[in-house]
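Please open the structure in a viewer and keep the selection tool at hand. The stops below say what to select next and what is there.

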2 protein chains.
Amino acid sequence: MVTITVIGSGNVAHHLIQAFSQSTAVELVQLFARDSRALEQFSGLAEITDDLSGLKPADLYVIAVSDDAIGMLSERLPFENRLVVHTSGSVSIEGLDHKNRRGVFYPLQTFSKNKTVDFDKIPICLEAQTPDDYKMLETVAGALSKKVYPIDSTQRQALHVAAVFVNNFVNHLYAMGADICDANQIPFEILKPLILETADKVMTLTPNEAQTGPAKRNDAATIQKHLDFLPDNQQKIYELLTHSIQHGQKL
Amino acid sequence: MVTITVIGSGNVAHHLIQAFSQSTAVELVQLFARDSRALEQFSGLAEITDDLSGLKPADLYVIAVSDDAIGMLSERLPFENRLVVHTSGSVSIEGLDHKNRRGVFYPLQTFSKNKTVDFDKIPICLEAQTPDDYKMLETVAGALSKKVYPIDSTQRQALHVAAVFVNNFVNHLYAMGADICDANQIPFEILKPLILETADKVMTLTPNEAQTGPAKRNDAATIQKHLDFLPDNQQKIYELLTHSIQHGQKL
């Protein structure tokens with residue numbers, strides 16, 4: 001049984017605490033937040049504290065805070081030589097203070113407090129400095145998810161950028177679709193099956209195989225009609241993405 | 001029972017023929033293709049012909065061909081005052097020859113020949129010139145799908161542009177994610193749960209509510225790190241979409 005203390009009270013911390021509390025392979029020791037009221041709902045699961053200097057021994061400390069707070073928090077930990085991981089996609093393993101053993105426990109998913117996610121389908125990307133530490137992280141990750149990957153800091157950086165494209169930017173394109181619907185008294189509802197099918201298609205086809213549309217088939221007349229229809233901001237995005245589909249270059 | 005002749009042999013025609021053949025509310029009369037071999041697989045369902053001048057009477061003629069062939073094909077139909085519809089998102093109802101009654105039967109989905117779709121979840125957008133013709137189209141659409149919407153030519157144009165954003169462009173962002181993975185020896189597999197969850201999220205939240213990421217939270221350090229990491233083509237797209245999330249204007 002791996003004993004774990006979670007540090008943080010944001011979306012990722014919330015989902016991790018929930019998932020850890022449901023696993024029999026791990027035991028929550030303490031939950032830390034600067035403002036301990038943010039963790040009130042978990043008061044039955046573990047001791048809640050806002051006192052970093054009084055942290056108790058645990059096998060693993062999971063720092064799930066915003067990227068710029070990771071370094072400072074890891075420096076302020078009142079112990080040495082224990083295993084400390086962060087959960088960030090974009091911070092290197094070297095961003096953790098060197099007095100402790102370092103690692104990364106990065107669940108690659110988009111978390112919202114008001115939407116539950118099925119943790120056992122979330123890929124967890126692990127990095128550690130020694131095989132023993134990796135093994136411990138693998139045990140913990142394996143207790144939550146069936147998809148566990150060794151990913152080093154360089155790969156994780158790439159993965160985080162890729163995630164921005166397929167999540168943040170994709171969602172922004174959904175927002176543009178919704179704006180266009182709103183402006184024309186069309187229910188956004190009508191686009192939802194297309195949104196789901198577009199995602200589902202790349203589960204079995206590669207994105208290149210799945211590509212369709214006026215850009216792909218070089219349908220200049222339709223492209224021009226669309227450009228004429230769009231306001232400035234959306235026109236620029238339409239133009240650039242169309243050009244990229246037509247002339248796209250690989251990395 | 002509405003009798004239908006389908007004109008065309010592309011993806012949309014294939015899926016429509018299949019769906020019509022499974023419905024008890026409609027009856028297929030003929031299937032037309034310039035090269036009738038393209039419809040060989042449907043030879044048990046209806047008469048297949050490559051002779052436009054010999055088309056038999058039917059209640060409804062569905063022209064499912066490429067956008068630029070619709071007008072010409074509708075002109076060459078050897079009859080008058082029958083109901084003729086096209087299936088295009090981007091061609092006006094006025095793109096059909098005026099000697100026949102005109103309409104539009106636009107299934108809003110992305111079709112690939114090698115992937116089956118569940119037709120009863122596909123929104124079908126209808127337009128007609130008279131209430132009677134609309135009613136007939138509604139009967140036919142209702143036999144295939146639970147989601148049937150009256151959408152006029154201006155709205156359909158807007159909808160088609162919106163569909164390009166949430167389908168073609170979204171898929172291109174998936175392709176960029178896959179390219180970034182490839183270049184860094186990361187399996188694309190690892191992004192798939194995120195892709196599905198991103199789509200699933202906007203089934204219950206609005207895209208604006210669902211927006212997360214460095215652009216949304218104005219995380220300049222991460223944005224700069226990502227820009228430095230990306231090659232030219234992807235950098236430009238990253239920059240423009242980030243700017244649009246930060247300063248986006250509504251239509």
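This tour of a predicted model goes through a sheet and then a pair of domains.

**The sheet in chain B**

Start with the strands of chain B. Eight of them form an open sheet with mixed pairing, in the order β3-β2-β1-β4-β5-β6-β7-β8. Now select residues 47–49 and 148–150 of chain B: these are β3 and β8, the edge strands, and each has a single partner strand, so one side of each lacks a neighbour in the sheet. On average, neighbouring strands of this sheet are turned by 25° against each other, direction ignored.

Next, select residues 2–7 and 26–32 of chain B. These are strands β1 and β2, which pair in the parallel sense over five bridges. Within this pair, Ile7(B) stands opposite Phe32(B) in β2(B).

**The domains of chain A**

Move to chain A and colour domain 1 (2–151) and domain 2 (156–247) separately. Their C-alpha centres lie 35 Å apart. Where do the two domains of chain A meet in a contact? There, 14 residues of domain 1 are in contact with six residues of domain 2. The area buried between these domains is about 710 Å², and carbon and sulfur atoms give 57% of that area. The count between them is one salt bridge.

Last, select residues 122–244 of chain A, where an unreviewed UniProt entry places the feature "domain: DUF2520". This span is 69% helix and 7% strand.

Key:
Residues are numbered from 1 along each chain as its sequence is written. Chains are lettered from A and ligands numbered from 1 in the order in which they are written. This is a predicted model: local features need pLDDT of at least 70, side-chain atom pairs count only at pLDDT 80 or more; totals for chains, interfaces and linings use all residues. Side-chain values use heavy atoms; hydrogens and water are left out. Two strands pair if DSSP finds at least two bridges between them. Helices (H or I, at least four residues) and strands (E, at least two) are DSSP runs, numbered from the N terminus. Axes are lines fitted to C-alpha atoms, for helices over the stretch in contact, and angles run from 0 to 180 degrees between N-to-C directions. UniProt positions are given in the numbering used here, feature names are shortened, and annotations may be inferred rather than shown by experiment. Domain bounds come from an automatic or database domain assignment. Contact means heavy atoms within 4.5 Å. Buried area is the accessible area (1.4 Å probe) that two parts lose on being put together, summed over both. A salt bridge is a side-chain nitrogen of Lys or Arg within 4 Å of a carboxyl oxygen of Asp or Glu.
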